[in-house]
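Good morning, colleagues. Please look at the structure first.

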Amino acid sequence: MGDQAEKLREMMRKKNGDSRESQAGADFESRNRKSGPSGRGGGSGEKQPREGKKTRIVTITSGKGGVGKTNVSVNMALAYARMGKKVVVMDADLGLANVNVILNMIPKFNLYHVIRKQKTMREIMVDTEYGISIVAGASGFSKIANLSEEERQNFIDELDTLSNADIIIIDTSAGVSSNVLDFIAAADDAVIITTPEPTAITDAYGIIKIIATEIDNLNMGLKLVVNRARSVAEAKKVADRMTTIAGQFLNLKVEYLGFIYDDITVSHAVLRQKPFMVIDPGCKASQCVQHIVGRMERSDIKNVGGFGNMFKRIFSRSDF
Ligand SMILES: Nc1ncnc2c1ncn2[C@@H]1O[C@H](COP(=O)(O)OP(=O)(O)OP(=O)(O)O)[C@@H](O)[C@H]1O
Ligand SMILES: [Mg+2]
């Protein structure tokens with residue numbers, strides 16, 4: 001994952017000819033600078049009602065690797081399931097098979113097999129003993145672009161199977177591969193995970209900046225979770241810093257969703273290949289996740305059109 005973070009920094013360097021911004025986190029150090037030129041409303045887009053059944057698509061992402069995306073994805077899914085929601089976790093981080101490891105399951109097939117018409121969505125989706133389902137993503141998502149019209153239609157029809165879900169949580173890899181941006185562009189909410197570590201904060205800010213500049217018509221809710229915090233105050237300090245700077249320099253509204261305590265139960269749970277919400281629903285980390293999901297539920301969805309639009313949004317991305 002270190003190379004992903006390096007890729008992110010490299011992209012930031014390329015993007016910013018301005019030497020003041022030669023590092024992703026440069027803005028942190030130049031707090032007195034006035035707001036950047038971006039006219040983006042930072043979430044000021046009009047809210048419109050969505051039609052039909054709403055499937056909320058939540059992408060979990062980060063700048064730096066290893067900050068807790070997969071744990072957050074799976075345990076948020078569990079918290080939603082306990083509220084009676086139908087949840088699908090999509091593991092978009094195929095290379096490392098993260099979700100599989102945490103749940104001790106190995107799906108044989110992934111979206112690639114659906115694209116290739118070798119399997120149906122129902123066949124690749126794996127139900128777990130925890131009341132959530134998982135779908136392994138396809139690293140070659142962009143292959144959809146090369147499909148014939150008929151194949152593409154078939155794929156969209158298959159994806160429709162997922163529209164029964166109330167929530168689809170997409171666990172991405174760290175950094176800014178175009179795949180990750182595709183998923184983020186398609187989501188209702190992009191949840192950015194950081195830890196209080198300076199490098200994680202810098203890279204989280206970096207990815208927010210990339211999202212702001214790379215995704216047209218940014219219409220999703222950008223949300224921040226501070227993982228592995230040692231106190232409420234520590235998490236709040238990190239969040240205040242990030243939300244203020246995103247507002248000042250990118251004219252972007254980033255909502256602080258909450259924090260998760262650094263909790264030994266998490267690593268114990270990972271070793272036992274079970275979600276920490278299952279190992280100890282009352283532990284500090286579990287309580288924090290429940291709190292975060294509660295906040296998610298209270299925040300509005302900005303996007304219009306629901307699930308079907310997710311892939312239309314992906315298809316319409318110019319670099320696709
Ligand atoms: N709240 C926490 N308290 C204690 N340890 C944690 C916490 N969150 C994550 N960890 C530790 O960090 C490790 C990495 O977490 P996780 O695999 O969820 O990160 P990730 O962002 O998905 O990583 P990658 O970028 O490699 O996909 C876990 O195995 C666990 O040991
Ligand atoms: Mg992961």
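This is a predicted model: local features need pLDDT of at least 70, side-chain atom pairs count only at pLDDT 80 or more; totals for chains, interfaces and linings use all residues.

Let me start with helix α10, residues 232-250, which has 19 residues and reaches 26 Å from its first C-alpha to its last, close to the 27 Å expected at 1.5 Å a residue. That expected span is 1.5 Å times one less than the number of residues in the helix. Helices here are DSSP runs of H or I with at least four residues, strands are runs of E with at least two, and both are numbered from the N terminus.

Residues are numbered from 1 along each chain as its sequence is written, and chains are lettered from A and ligands numbered from 1 in the order in which they are written.

Which residues of α10 are buried? They are Ala 235, Val 238, Ala 239, Met 242, Ile 245, Ala 246, Phe 249 and Leu 250. Seen down the axis of α10, these buried residues fall within an arc of 140 degrees, so they line one face of the helix; the arc is taken over the directions from the helix axis to the C-beta atoms. On the other side of α10, Val 232, Ala 233, Asp 240 and Thr 244 are exposed. By buried I mean that 20 or more other C-beta atoms lie within 10 Å of the residue's own, by exposed 12 or fewer, and by partly exposed anything in between, with C-beta atoms placed from the backbone.

Next, two backbone angles. Most residues other than glycine have a negative phi. Asn 251, in the loop between α10 and β8 (254-261), has a positive phi near 55 degrees. With 18 C-beta neighbours inside 10 Å, Asn 251 counts as partly exposed. Arg 228, in strand β7, has a positive phi near 65 degrees, and its 21 C-beta neighbours inside 10 Å make Arg 228 buried.

I turn to Ile 292 in helix α13, residues 284-298. Ile 292 is buried, with 21 C-beta neighbours inside 10 Å. Leaving aside neighbours within four places in sequence, Ile 292 is in contact with Met 76, Val 225, Leu 257 and Gly 258, where contact requires C-beta atoms, placed from the backbone, within 7 Å. Gly 258 is 34 residues from Ile 292 along the chain, yet their C-alpha atoms are separated by 5.7 Å.

How many residues surround ligand 1? There are 22, and the closest are Gly 65, Gly 68, Lys 69, Thr 70 and Asn 71. The elements giving two or more residues to this shell are α3 (69-82), β7 (221-229) and α11 (264-271).

Now the protein as a whole. It has 14 helices and eight strands, and buried residues make up 44% of its 320 residues. Among contacts between residues at least 6 apart in sequence, 78% join residues at least 24 apart.

Finally, confidence. The average pLDDT, the predictor's confidence in each residue from 0 to 100, is 77, and 70% of the residues score at least 70. Over residues 1-9 the pLDDT stays under 50, and the model has 26 contacts beyond four places in sequence for them. Residues 11-51 also have a pLDDT below 50, with 62 contacts in the model beyond near neighbours in sequence.

Terms used: Two residues are in contact if their C-beta atoms, placed from the backbone, lie within 7 Å. A residue is near a molecule or strand if its C-beta atom, placed from the backbone, lies within 6 Å of it.
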